[in-house]
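Subject: Two-chain model, handover and notes

Hello,

The model we spoke about is below. My notes on it follow; please read them with the coordinates open.

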Amino acid sequence: MMRSLVLLFLLSAIVACRPVKTIEQIQIKGSDSEVAVVMALAESFMHHEHRISVSVKGGGSGSGIAALLNGKTDIANSSRDMSDKEHEMAKARSIRPVPVVFAEDVLVFILHPSLKIKALTLDQIAGIYRGEIQNWKEVGGPDRMISLYGRQSNSGTYVYLREKVLKAEYSPKVKGMNGTAQIVEAVKQDVGGIGYVSLGYVQHNNKPTAGISVVSLGLGEGVSPLDRAAVTGGLYPLKRPLYHFLNGPARGALASFLRFERSEKGQAIIRESGYIPVEGPLAIAPGADVVPKAQPVHGK
Amino acid sequence: MGNKDLTPANLFENQKRHFFNRLFKFLVKTAAFLSVVVLVGIFALLAWNGLQMFREVSVFQFFFTSTWNPSALNAPSFGIGSMLAGTMLVTVAAMFIAFPVGIALAAYLSEVASPRMRGVVRPIIELLAGIPSVVVGFIGIVVIGPFLAKTFALSNGFTALNGAILLAIMALPSIVTVAEDALRAVPRAYREASYALGSNKWTTLVRVTLPAAGSGIVAAGVLGVGRAVGETMTVLMATGNALEVPDSLFDAVRTMTATMAIEMGEVPFGTTHYFSLFAIGATLFIISLLFNLTAEYLAAKFRHQA
């Protein structure tokens, strides 16, 4: 009995140690706005490159950057730039964050369809999220209390909206959801609901998501974020770059993944996911060493 | 016999037995000691890290103001007032539901149910304790939230009440088991004396058995509170996590546990924000320790009486 157990153990040890094809791992973590599109990119990439395995996790831009600073991820996805504090911490830990912009996004506001509100101005949005406007009738809707949905403070989108639109703190009544998908689900069910999400969550393959209405921004009719030309041309405000942060210049597997994102196939996936591909080549040096250069940052 | 004891083989047997006796005593002692070390260690860690926050934040601001915004645009603020209020509201409401139901269930099990019925119901209640909190939270989002929204004409179900109902379900097993044990420990003679005086089952239960089991019943409630205060995942998923001081059970609240769980993942090591999360943890630890000690004390008192 004992002997056969030992034998079995040895056998399994041998099987476990059998040399398999060496697979290179890429860990990606961070922004919830980016997780779906990067996952789609990674899947297609792994289809082409069997030797490389890519894992993509969400959790928020703040979590991604924290993971990069703690050496727990190869790429930090972030929908915001790194803060001065984070740069200081990177320096202290001798990590050299290199930003790569791989696509662009716009911030989109979604409502429950029964509110029948087509357009809001940025000032109205700011008033709503600061808690100064509390009833939909104040902005041309029905007499109904506004129910605010947002993200936690580890979200890049949370930070971006506060900085660019609110220019003040959020109302304490904002319900902090744990991910963008949860905001969409909550707004679908809440007759007074408003939420902010990334472009990829309101359309897929050029079809708008059902069950929510998307707010146009501006006076009168406003500009819809679903209007591709307006978004690409910058007519719709709140355009923002989507970053990867790497530790130092990309090499090997990382470099080929970045190269794939810039390829025609990669750009098509970015477009299908609802985002705007970034033009122009990555500054790729010949050979394995790749030095990605930051793209000009819009609206910084 | 006496001769046999002195053979070398038997002497060896004796020594062996003695050795194993001591070994196991030592192992068991170590295990007991270890749990104390772990408890003290956890508290020391929480307190050591938590206290460092007070170099930058006043004690008054931490406990008695209600704005929590460690990553503010301008000056960060670290007031746990709204979270304390949220935790208290959800816990107290949960007890209002779980305590009466739990005591009624315990009374049913110990006084009314047939042994066969008891054999079925009690394991089911104990199984309730085994449902993972994530699953309970999920039920809160999918079932109880929409139900509450419809019933009370709210626009959504992310409310303190939702969390309270879920916590009541989770606290029920500990309340029922402790309360039932307390009721069963009441001597038969008490009940028989009451019946002999002509009282029926209900009067006997309310006037004699429940009062006799009093401290055990209270201990059950206190233990339930301890269970509810520390629960994280369920409330995080179901209560909406808004950082306002709640006006009613229909407001979204964020509890202390939810704050720690949400912010621990993003906080840079060694900052005031990092230490403040430990301070919340230490506060929570002290609260639930107080509740558990009270329950222990009451249960011991009741055991003494019985």
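Chain B and chain A bury about 1,900 Å² between them, and 49% of this is on carbon and sulfur atoms; buried area here is the accessible area, with a 1.4 Å probe, that two parts lose on being put together, summed over both. The size of an interface is often given in this way, as the accessible area lost when the parts come together. Leu73(B), Ser155(B) and Glu266(B) supply 29% of the area that chain B buries against chain A, more than any other three residues. In terms of contacts (heavy atoms within 4.5 Å), 24 residues of chain B meet 28 residues of chain A.

Conventions: this is a predicted model, in which local features need pLDDT of at least 70 and side-chain atom pairs count only at pLDDT 80 or more, while totals for chains, interfaces and linings use all residues. Residues are numbered from 1 along each chain as its sequence is written, chains are lettered from A and ligands numbered from 1 in the order in which they are written, and side-chain values use heavy atoms, with hydrogens and water left out.

Residues at the interface

Ser153(A) is in the loop between E6 and helix H6 (156–166) of chain A. Helices (H or I, at least four residues) and strands (E, at least two) are DSSP runs, numbered from the N terminus. Ser153(A) has a relative accessible area of 16% and therefore counts as buried; the classes are buried under 20%, exposed over 50% and partly exposed in between (1.4 Å probe, protein chains only).

Asn241(B) sits in the loop between helix H11 (233–238) and helix H12 (256–264) of chain B. Its relative accessibility is 3%, so Asn241(B) is buried. Leaving aside neighbours within four places in sequence, its contacts include Gln152(A), Val174(A), Lys175(A), Gly176(A) and Asn178(A) from chain A, and Val235(B), Leu236(B) and Val253(B) from chain B. A polar atom of the Asn241(B) side chain lies 3.0 Å from the backbone oxygen of Leu236(B).

Chain A

Chain A has 10 helices and 14 strands. Of its 300 residues, 52% count as buried. Its accessible surface comes to about 14,200 Å², with 58% belonging to carbon and sulfur atoms; accessible areas come from the Shrake-Rupley method with a 1.4 Å probe, and for residues only the protein chains shown count as cover. Among contacts in chain A between residues at least 6 apart in sequence, 73% join residues at least 24 apart.

Which residues of strand E8(A) are on each face? Gly193(A), Gly195(A) and Val197(A) are on one side, Ile194(A), Tyr196(A) and Ser198(A) on the other, and all are buried. In a regular strand the side chains alternate between the two faces of the sheet. E8 spans residues 193–198 of chain A.

Two strands count as paired if DSSP finds at least two bridges between them. E8(A) is joined to strand E4 (residues 97–111) of chain A by 5 bridges and runs antiparallel to it, with Ile110(A) opposite Gly195(A). Strand E6 (residues 147–151) of chain A runs parallel to E8(A), with 2 bridges, and Ser147(A) stands opposite Gly193(A).

With a relative accessible area of 1%, Val202(A) is buried. Beyond its neighbours within four places in sequence, Val202(A) is in contact with residues including Val108(A), Ile110(A), Val197(A) and Leu226(A). The C-alpha atoms of Val202(A) and Leu226(A), 24 residues apart along the chain, are separated by 8.2 Å.

Backbone angles to check

Most residues other than glycine have a negative phi. Lys116(A) has a positive phi, near 55 degrees; Lys116(A) is in the loop between E4 and strand E5 (119–120) of chain A, and is exposed at 68% relative accessibility. Ala153(B) also has a positive phi, about 55 degrees. Ala153(B) lies in the loop between helix H6 (133–151) and helix H7 (160–184) of chain B and is exposed at 71% relative accessibility.

Regards

Notes:
A polar contact is a pair of N or O atoms within 3.5 Å; within protein, one must be able to donate a hydrogen and the other to accept it, and residues adjacent in sequence count only if both atoms are side-chain atoms.
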